[in-house]
Amino acid sequence: MTINKNKKILSNIELLFLGIYFFTLPIAHITSIQSISSVLFICFFLFKNYNNIDYRIFFEYKWLIISMIITLVLAFISLGFTPEINNSLKEIKSELIRNFALMIILFYYTLLTDEVKLKKLISIIFCVLLIHTIINLVIWIEHGGFPYRAGGLLDSGGGERFGIWATYSLAASIALFYTNYKKSTLFILFLSVLSICANQTRATFVATIVIAIIFFIFFAHNKKIKLLILSVIIISIGIYYQYSENLTKRYNIKHMISNVEHIIDTSPSKFTQIDIEHSSLVRLSMWKSVILYRLKKPFIPTGYGRFLYKKSIEKKFENSPENLPYKIFAQTHNDFIGTLYSLGMIGLLALIYLLYYKLKISYSLFKISNTLHFKVYAVFIFLGTIGFIGSMMFGSFFGDSETKFFYPLYGILLGIYYNEKKKYCKII
């Protein structure tokens, strides 16, 4: 009885530290609390379970492991090309090794934890998102609503980073419609949408639209309703496209698309000649420089690190300044373009596979599981990942606290899927 009681206490302590870890992620300037809580969770888990861990199980996900190894190998190879070796080493350690390790630990935690505890953990994750949604709305209201751009406790004055948390909250609220609490869920959905409006970030708006489209494509059962909703969304986008010419350059999509040919024909250093909103133009200028470089050298890494772009690209094009962006930030403001630049085509493909596999596994879990909590979690992960991908196309986030959320969720997903799949057949 004493042994079982001690195990129960340790299990609750693990859950406590996981809850602290997840709650503190969308809060700025408290990374020490995140680190301490995650380390304590790992220590308690390993102390209790080190004899029960079968290290061979994770190798069932061989293609995922291969993509992780490719990323790590390319990152270490890039140390021979980076403009700042200490910075690259630091980011390899914090953004890759630690996150991969935490994902694997959460995988084994899920395997060795009973369903009751897993349901509590999923509930904690959803509650964390709801609490931060409410905090964001309170901050927004305190600042008088529009035109203030709210960023919760993460982005002062609004920003794409909190936008990722807002779309995760949206994904959670949509997933909750698979429960019996429809009225409460409808209110939570309203809060999530309002939080996205309060954030007022273009990347978040794009991610929200993509989430809506993907949801009706993959999860709506009634074909007539699916067709009707998708038609409404497409028509709405078309109307917005036409109407956007009456808006400011920030939201004038029609004007931006009409200038695409100038983007193709103009060298990055001369993008100031193009009449597009400034922040978009800077991004496009940096992205084109990356593409021009990678057309010549598609595979050789340039140095792992999201904050090395400025120093690196200036050296790459020192003999052809016309290919340099007219204004250069430390980041490319696009995780896919940034990975393409830092790790080459192979690194980009590894990242894409990592994201694709998460979508594949979450959708498969939704299809095979008969446990309500796990189906809800599968929908949440699928749509949350879609939202993350949408935001990644406009910012460099794959290394911030949002990624520290991404990988543990991934590990939990893999663990649940392994257990559920084992009930039917071997993992493919």
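Let's begin where two helices touch: Met286, Ser289, Val290 and Tyr293 of H12 meet Tyr309, Ile313 and Lys316 of H13. Sorted by class, this contact of H12 with H13 has five nonpolar residues, one polar residue and one charged residue. Please bear in mind that the model is predicted.

**How the helices pack**

H12 covers residues 278-296 and H13 covers residues 309-316; their axes come within 11 Å and cross at roughly 50 degrees. Because of that angle, H12 is oblique to H13. The crossing of the two, H12 and H13, is left-handed.

Now move to helix H7 (residues 182-199) and helix H8 (residues 202-218), whose axes lie 8 Å apart at an angle of about 150 degrees. How do these two helices run relative to each other, roughly parallel or roughly antiparallel? H7 is roughly antiparallel to H8, because angles over 145 degrees are counted that way. H7 passes H8 in a left-handed crossing. On the H7 side the contact is made by Ile196, Cys197 and Asn199, and on the H8 side by Thr204, Phe205 and Thr208. By class, the contact of H7 with H8 has three nonpolar, three polar and no charged residues.

H15 brings Phe374, Tyr377, Phe380, Ile381, Thr385 and Phe388 to the contact, where they meet residues of H16 including Phe405, Phe406, Leu409 and Ile412. Glu402 and Glu420 of H16 also take part. Counted by class, the contact of H15 with H16 has 11 nonpolar, two polar and two charged residues.

| Helix pair | Axis distance | Angle | Source of contact classes |
|---|---|---|---|
| H7 and H8 | 8 Å | about 150 degrees | three nonpolar, three polar, no charged |
| H12 and H13 | within 11 Å | roughly 50 degrees | five nonpolar, one polar, one charged |

**Loops and backbone details**

Between H7 and H8 there is a loop, and Gln200 is in it. Phi of Gln200 is near 50 degrees, a positive value in a residue other than glycine. Is Gln200 buried or exposed? Gln200 counts as buried, because its relative accessibility is 13% and the cut-off for buried is under 20%.

Gln200 also turns up among the contacts of Arg250, alongside Arg149, Thr201, Arg202 and Glu277, once neighbours within four places in sequence are left aside. Arg250 itself is found in the loop between helix H9 (223-243) and helix H10 (253-258). With a relative accessibility of 24%, Arg250 counts as partly exposed. From Arg250 to Ile276 is 26 residues in sequence, and their C-alpha atoms are 8.6 Å apart in space.

You will find His333 in the loop between H13 and helix H14 (335-368).

For a cis peptide bond, look at Phe146 and Pro147, where omega is about 5 degrees. Pro147 belongs to the loop between helix H5 (115-142) and helix H6 (160-175).

**A glycine inside a helix**

Gly347 is placed in helix H14. With a relative accessible area of 2%, Gly347 is buried. Not counting residues up to four places away in sequence, Gly347 touches Leu74 and Thr339. Ser38 is 309 residues away from Gly347 along the chain, and the C-alpha atoms of the two are separated by 28 Å.

**The cysteines**

How many disulfides does the model have? The count comes to zero, where a disulfide would need a pair of cysteine sulfur atoms within 2.5 Å. Two cysteines can be described by accessibility. Cys127 counts as partly exposed, because its relative accessibility is 43%. Cys197 also counts as partly exposed, with a relative accessibility of 27%, and Cys197 is one of the H7 residues in the contact with H8.

Definitions and conventions
Residues numbered from 1 in each chain as written. Predicted model: local features only at pLDDT ≥ 70, side-chain atom pairs only at ≥ 80, totals over all residues. Heavy atoms only, no water. Buried < 20%, exposed > 50% of the residue type's maximum accessible area, 1.4 Å probe, protein only. Axes fitted to C-alpha atoms, helices over the stretch in contact; angles between N-to-C directions. Helix = DSSP H or I, 4+ residues; strand = E, 2+ residues; numbered from the N terminus. Parallel < 35°, antiparallel > 145°, perpendicular 65-115°, else oblique. Left-handed = near helix turned anticlockwise from the far one by under 90°. Contact = heavy atoms within 4.5 Å. Nonpolar A, V, L, I, M, F, W, Y, C, P; charged D, E, K, R; others polar.
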